[in-house]
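Hi everyone, thanks for coming. Please have a look at the sequence and the model on the screen, and then I'll walk you through a few spots.

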Amino acid sequence: AVATRLGPVHVASHQVCLSLFWLVTMWLDSGSVSAQLLLSKNINDTQKARSLTKYMAKFALTQGLAFSTIVGGLGRFLPSVFTSDPTVTGYIAQCLPHLALQQTIVSLCLVLEGLAIGGNQFRFTAVGTAISTVVGLWQMSQATSVVDIWGRAVNTFFGMRLVSAVLGVMRVHIGLGAKNRENANEMEEQFGSVNLPPLDTAEGYPEVSY
């Protein structure tokens, strides 16, 4: 709707950018589904949960950087594939650096959100997404060109979601740490601590005769 208000040239540029964005994002989203499923299955094992979180974060970063490189590398060829209009190709070329950067941000955002949801941070993630949406829509309403849409509004939206996802994952692991301490205290109360007498006590250990 915002691009339509700006004019047909901006609409054409926006549609090209949006098609490329969704094409790549569909691939990136697969990591989010895997992260959510794996963490939910291992949430009661602190060591596995922490190891999985580190692995998925590295995977998301690597995946995002790879797609950022691909999208950035297509920058010089992509606009002319869709149109020969110099104004449209110019706007697409200006948006492509932002699209390239967004692949890393979106990859991290989706995977970490999957980890947060897998760790039962549903409400926290939903609130973070809602706030990000409000701020993103406000910035979009202020846009004067398609470059503002992709360079400011979309970047802000996913950037804020990434911050929310990071905080959500931190809350998951803080909760796991608290749960481990609680379990340790319960075991200590139930079984007590076993203290063996020192070797040099007066009584000593009983002798064993053969």
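Let's begin with a word we need: a residue is buried if its relative accessible area is under 20%, exposed if over 50%, and partly exposed in between, using a 1.4 Å probe and protein chains only. By that rule Phe 158 is buried, because its relative accessibility is 9%.

Two notes on the source. This is a predicted model, where local features need pLDDT of at least 70, side-chain atom pairs count only at pLDDT 80 or more, and totals for chains, interfaces and linings use all residues. Residues are numbered from 1 along each chain as its sequence is written, and side-chain values use heavy atoms, leaving out hydrogens and water.

Now, the rings. Rings of Phe, Tyr and Trp (its six-membered ring) pair if their centres lie within 6.5 Å; planes under 30 degrees apart are stacked, over 60 edge-to-face, and the rest tilted. The whole structure has five aromatic pairs. One of them joins Phe 21 and Trp 22, edge-to-face, at 5.6 Å centre to centre with 75° between the planes. Which of these two is buried, and which partly exposed? Phe 21 is buried, at 4% relative accessible area, while Trp 22 is partly exposed, at 46%. Phe 157 and Phe 158 also pair edge-to-face, because their planes sit at 75°, with ring centres 4.9 Å apart.

Last stop: Ser 32, which is buried, at 11% relative accessible area. Leaving aside residues up to four places away in sequence, Ser 32 touches Leu 110, Val 111 and Gly 114, where contact means heavy atoms within 4.5 Å.
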